[in-house]
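Dear colleague,

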Amino acid sequence: MQDNDLLTEGLALMGLGMGFVFVFLTILVITVTLMSIVIRRFQPATVNSPLQNTPKAKPAAVGQNDEAMAVISAAVHRYRRHKGR
C-alpha cells in the first residue's frame, strides 16, 4: 500500500509542477505579446537619415575578383598540402 501512495503523491507532484510551468509560460507569452503591442503603439515615427539615401554600391565585375580568387586558391592549396602531412 505504501508504494501506491508514494506513486500517487509523485504523480500529483508532477502534475502540480507541470501545471505551474504551463501557467508561468502562458503568462510570459501574454506579457511579451502585450509589451510588443504597447511598444509598437508608442514607438516614434521613423526618421529618414541621410545615410539611407546614399546609392548602394554596385557589385564588382567578374574580372575584378581575379586577384582575390588567386589568393584564396593559394591559401586552400597550401592548407591541403600541410593537412596531408
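I begin with helix 2, which covers residues 66-83 and has 18 residues. From its first C-alpha to its last, helix 2 reaches 26 Å, close to the 26 Å expected at 1.5 Å a residue. The number of buried residues among the 18 of helix 2 is zero, so this helix lies largely in the open. Please bear in mind that the model is predicted.

As to the overall picture, the secondary structure of the protein consists of two helices and zero strands. The protein has 85 residues, of which 0% count as buried.

Helix 1 spans residues 2-42, and L25 is found in it. L25 counts as partly exposed because its relative accessibility is 43%, a value that falls between the 20% limit for buried and the 50% limit for exposed. L25 also belongs to a nonpolar surface patch, which it forms with F20, V21, F24, L28 and V32. Together, the residues of this patch have about 600 Å² of accessible area.

T26 likewise lies in helix 1. With a relative accessibility of 32%, T26 counts as partly exposed. A polar atom of the T26 side chain lies 2.7 Å from the backbone oxygen of F22, and this distance falls within the 3.5 Å limit for a polar contact.

Yours sincerely

Methods. Residues numbered from 1 in each chain as written. Predicted model: local features only at pLDDT ≥ 70, side-chain atom pairs only at ≥ 80, totals over all residues. Heavy atoms only, no water. Patch = residues over 30% accessible without salt bridge, like charges linked within 9 Å, V, L, I, M, F, W, Y side chains within 5 Å. Areas by Shrake-Rupley, 256 points an atom, 1.4 Å probe, with all protein chains shown as cover. Salt bridge = Lys/Arg side-chain N within 4 Å of Asp/Glu carboxyl O. Helix = DSSP H or I, 4+ residues; strand = E, 2+ residues; numbered from the N terminus. Buried < 20%, exposed > 50% of the residue type's maximum accessible area, 1.4 Å probe, protein only. Expected span 1.5 Å × (residues − 1). Polar contact = N/O pair within 3.5 Å; in protein donor to acceptor, adjacent residues only side chain to side chain.
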